[in-house]
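The stops below follow pairs of charged residues.

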Amino acid sequence: MIDILMPRLSDTMTEGAIAAWHKKPGDAVAPGDVLVEIETDKALMEQEAYEAGVLAEILVAEGENVAIGTPIARLDDGSGEEAPVASVTPAEPEPQPEPHAQPQPQAETRPQPATVAAGDRRPASPLVRKIARERGIDLTTVAGTGPGGRIVRADLDALPSTPASASTSAPTASPTPARDPAAAAADRVPFDGIRRAIAARLTESATTVPTFTATASADIGALLALRAELNTAVGDDARISVNDLLVRAVALALREHPGVNASYSAEDGGATLLHRRVNVGFAVASPAGLVVPVVPDADRASVSAISGIARALVAKAADRTLSAAEMADGTFTVSNLGMYGVEHFTAIINPPQGAILAVGAGRDELALVDGEIVSRTRMRLTITADHRIIDGALAARFLATLVSLLEHPLRVVA
């Protein structure tokens, strides 16, 4: 018998949630078969079987979150050991106490949802029960679509939620201080693994990293003209975006200023880690939240290669199939909100990187050139830098190089 454990699928992962089981107890399993989909702090990932056998028991149901190394299933490998009874969840004994009888200790204590009577308990994970309590959902009225009729998170998401205080079967509580009426009327959306990771990492960045920001403006008229010419030549299937050109230009500027392509290390009293590779991440809004896929060695890649890599990564982000490797080892991040019409903003550093670039929309502005008023398309570029390793003068030189590249775009594609 083999215990299948919750794997570590990323460097920052400490726990994972079971999104979907692809096998059920009694199914034959071969090496390479997809057993389960696991939601990590970064993405939704498939876990394959490494051994052959028969899936004997599922220990962690869909929607449940457990720590790395926790057994999530058992595989009968034919070694001769007696296989446990296959089940999705063990039955929980719930004897009815006699009047005035002292309650007996239970082998397992799980939070009881306020809206479900103890004698009519429905199979559901602790996470599902917690969400049901928060939304005021009576689990006895929910039809489970999981294995063995188990109620999974998707079953709750398909239902309208109501404040828990509105449930007629909720226990009487002691008076509590008055709540904000707006908050009481709001729908609570619990964090998933990815959103928890985003909250933790950015809170750490904003509260522990001393930062400063600097903004420069680039005339991108020539860049837009070159992009139009390139897209006419390559066709619709390989169109190049402004962001592709930005990633390439940023990579070239980082190669010229390696002190910006760096991270802070607290070991031995503090040090600057100068990265040998230029791996540029770019922020993507995905259904799971903000993710940052990485273009490796962007300073050595052509714009067309960057474009192809970026399109594939964005598609995977939309499908929630980005792997941990595709979001690892970034040395600098570009966050572009120009497509949303945002002219200027500041971004929070993606630790342990030393800096991030916030890119706004290109806007037509009037400028005085040789005594004549002309129209120019300008873009604001704002760097947020870790002041422990990057000084203002270094950030200014980096921005000046980047502006020069964008205003002379043949150097970007050369």
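Start by selecting Glu343 and Arg363, whose side chains meet in a salt bridge at 3.7 Å, N to O. A salt bridge here is a side-chain nitrogen of Lys or Arg within 4 Å of a carboxyl oxygen of Asp or Glu. Glu343 sits in the loop between strand E16 (332–336) and strand E17 (355–359), and Arg363 belongs to strand E18 (residues 363–369), so the pair ties together parts that are 20 residues apart in sequence. Helices (H or I, at least four residues) and strands (E, at least two) are DSSP runs, numbered from the N terminus.

This is a predicted model: local features need pLDDT of at least 70, side-chain atom pairs count only at pLDDT 80 or more, and totals for chains, interfaces and linings use all residues. Residues are numbered from 1 along each chain as its sequence is written, and side-chain values use heavy atoms, with hydrogens and water left out.

Glu343 is partly exposed at 44% relative accessible area, and Arg363 is partly exposed at 32%. Buried means under 20% relative accessible area, exposed over 50%, and partly exposed in between (1.4 Å probe, protein chains only).

Next, select Asp219 and Arg376, a salt bridge with its closest N and O atoms 3.3 Å apart. Asp219 is in strand E9 (residues 211–219) and Arg376 in strand E19 (residues 372–386), distant parts of the chain 157 residues apart. Asp219 is buried at 18% relative accessibility, whereas Arg376 is partly exposed at 30%.

Last, select Lys24 and Asp27, joined by a salt bridge of 3.5 Å, N to O. Lys24 is exposed at 53%; Asp27 is partly exposed at 22%.

By the salt-bridge rule, the count comes to twelve.
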